[in-house]
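Dear colleague,

I am handing over the structure below, and my notes on it follow directly after it. Please read them with the coordinates open.

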Number of protein chains: 2
Amino acid sequence: AGLDDMGELGEKRIRAAYKVLFKTDMAIFVNDGSPFQENELKALQRLKEMKLPVLVIFNKSDLRKPHQNNIEFCQDNDLAWISVSATTKENITVAKEKIIELAPFYLKEERPLVRDIVHSGDRVILVTPIDSSAPKGRLILPQVQVLRDLLDSGAVTTVVREFELNKALKALKSEPDLVITDSQVIQRVVNQLPPQVPLTTFSILFARYKGDLEALIKGCQKIDELKDGDRILIAEACSHHPQKDDIGRAKIPNWLKNYTQKDLNFDIAAGSDFPDNLEDYALIIHCGACMLNQKEMNNRIREAERRGVPITNYGLAISKLHGYFERTIAPLKIPFRA
Amino acid sequence: AGLDDMGELGEKRIRAAYKVLFKTDMAIFVNDGSPFQENELKALQRLKEMKLPVLVIFNKSDLRKPHQNNIEFCQDNDLAWISVSATTKENITVAKEKIIELAPFYLKEERPLVRDIVHSGDRVILVTPIDSSAPKGRLILPQVQVLRDLLDSGAVTTVVREFELNKALKALKSEPDLVITDSQVIQRVVNQLPPQVPLTTFSILFARYKGDLEALIKGCQKIDELKDGDRILIAEACSHHPQKDDIGRAKIPNWLKNYTQKDLNFDIAAGSDFPDNLEDYALIIHCGACMLNQKEMNNRIREAERRGVPITNYGLAISKLHGYFERTIAPLKIPFRA
């Protein structure tokens with residue numbers, strides 16, 4: 001199946017090919033040096049429209065130089081290209097370097113979870129509610145991961161339930177340098193915390209760690225533009241057994257209706273794939289992605305972006321719907337895009 | 001195979017049967033009401049010697065009453081007994097209640113990890129070194145479990161590496177109510193901590209939680225009685241890949257030789273079973289048992305006790321060998337034996 005198939009079946013194939021492209025991190029476009037055909041030019045055009053990083057590889061440099069028209073097309077369209085020979089291995093190493101260079105930022109950086117926003121010796125408070133969803137006798141993994149990253153950074157971290165935050169504040173000689181809370185108890189935390197104390201949430205740290213915080217922040221702003229009749233997709237990475245007053249099925253929809261005062265429709269997508277009709281939604285609100293790795297979460301963000309659908313996540317949406325968006329974003333560095 | 005087999009093969013069978021008894025929590029001795037035979041009396045005598053809780057069940061109460069001699073034997077030897085009928089179900093419920101009543105303490109209690117020695121609002125410091133054995137991006141499970149138990153108890157818990165303990169102490173308005181450290185950095189912790197601050201170790205909490213702290217403390221005192229030529233068994237529950245300067249293979253043997261100034265021999269037993277020759281050892285030093293549950297660890301302690309071999313664990317031994325035994329035991333309640 002390719003981008004240039006014809007007829008009814010061809011159309012289906014093209015759609016399938018695009019579906020793959022929506023999930024693609026970069027495109028390597030191989031041509032043997034002969035002048036680009038019509039379908040090749042169309043495909044390159046489409047890749048550009050999708051804002052995919054593209055490397056055009058002219059193979060068979062041992063047989064012929066790439067056609068001058070091809071080189072000009074690449075130059076005019078700002079497409080990176082290189083001439084190689086798979087047979088003689090000419091330029092293969094340079095081609096690999098170009099691929100690394102062109103790879104999107106979210107594949108290249110080793111991302112910090114929290115250590116880039118604290119200094120050694122900083123006093124940090126983690127607010128970790130213990131509810132029925134916590135594993136028996138343990139803590140949920142994201143909390144352990146944040147604590148570990150803080151330990152590695154030399155921070156002095158105090159961990160309490162939401163009920164003990166006041167006691168934790170009183171136990172410290174001075175105000176903490178940072179408070180990180182579970183999103184679901186943010187209202188209670190804000191009520192106890194002096195307004196000047198930097199505050200963020202586990203979900204926002206993970207939005208930055210696993211996703212593309214800038215894209216998710218942009219998506220979150222869309223909440224203010226929602227209109228009556230808009231459809232919202234609640235997207236969950238796992239297919240967990242929904243709990244009473246489920247965060248995705250009950251809490252977020254209710255908060256969103258209260259905040260916007262609009263007549264909104266909600267769909268739930270749970271599991272390993274996005275639904276086909278992403279374009280039908282005014283906004284996607286994605287779960288914290290604890291079951292996805294960085295690449296998988298970024299694929300979803302990229303796919304939403306390429307299909308023109310704003311996407312945000314639970315943590316950011318919850319902060320916004322409670323009125324603490326600016327405050328909880330403020331402590332973060334958003335360094336992932338140069 | 002039974003306790004009353006005869007001949008060479010019989011002896012092997014008897015040994016096998018005893019091996020099972022070493023691991024048994026209680027014995028239920030069934031007789032049909034007829035007068036005890038010689039072999040039955042011998043077996044009951046042996047169970048008594050092993051200090052196993054025994055319930056004698058006289059079955060077939062629908063056919064006959066238990067013989068008067070049997071009842072007198074039980075009374076004289078302080079053996080609990082009951083007369084039941086498996087056919088008519090007479091007294092079956094009472095028998096079940098007697099089993100529960102006779103079950104050893106370590107099977108009945110829901111054990112606290114740490115919450116019984118802290119009060120709501122207590123300030124606790126956990127010292128958690130991050131070395132190469134820590135899982136990437138996370139914490140080891142025993143540390144997470146202690147933190148969770150402290151959260152449940154309403155404590156205000158500060159978690160730091162050994163390098164940040166001073167900073168943690170300085171960040172607090174007053175001295176902490178309890179410090180819990182990894183055993184391996186206890187010297188560094190003691191150097192930084194005012195002598196009046198209560199101090200214990202993760203290993204000692206787990207010795208109490210998973211084992212029988214009283215038995216392990218008693219075993220630990222044996223260290224002061226070791227003689228030249230004594231053999232020590234280092235017992236590990238898992239068969240992990242030994243690390244450079246391994247705690248069981250290198251550190252503890254070295255510390256023990258330094259402390260006792262005796263010529264000691266060490267054997268390592270790693271895995272799911274105790275070796276057959278337990279009686280050859282002057283002392284068993286058992287690992288922290290993170291891979292064993294309470295029942296499995298207690299079986300090992302019971303087996304050592306029944307074979308007359310003192311047993312202690314890494315955490316207690318390390319405290320003792322560093323000279324902090326009394327201090328690290330002091331914060332603990334030892335409530336498991338009435």
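Between chain B and chain A the count is zero salt bridges, a salt bridge being a side-chain nitrogen of Lys or Arg within 4 Å of a carboxyl oxygen of Asp or Glu. This is a predicted model, in which local features need pLDDT of at least 70 and side-chain atom pairs count only at pLDDT 80 or more, whereas totals for chains, interfaces and linings use all residues. Residues are numbered from 1 along each chain as its sequence is written, chains are lettered from A and ligands numbered from 1 in the order in which they are written, and side-chain values use heavy atoms, with hydrogens and water left out.

Over all chains the count comes to 33 salt bridges. One of them joins B:Asp116 to B:Arg208, with the closest N and O atoms 2.7 Å apart; B:Asp116 lies in the loop between helix H5 (105–108) and strand S4 (123–127) of chain B, and B:Arg208, 92 residues away, in helix H9 (residues 202–210) of chain B. Helices (H or I, at least four residues) and strands (E, at least two) are DSSP runs, numbered from the N terminus.

As for the interface, 33 residues of chain B are in contact with 33 residues of chain A, contact meaning heavy atoms within 4.5 Å. The two chains bury about 2,800 Å² between them, 63% of it on carbon and sulfur atoms, where buried area is the accessible area (1.4 Å probe) that two parts lose on being put together, summed over both. On the chain B side, B:Arg148, B:Leu151 and B:Lys173 lose the most area to chain A, together 23% of what that side buries. Because 100% of the interface residues of chain B are also interface residues in chain A, the copies meet through the same surface.

With best regards
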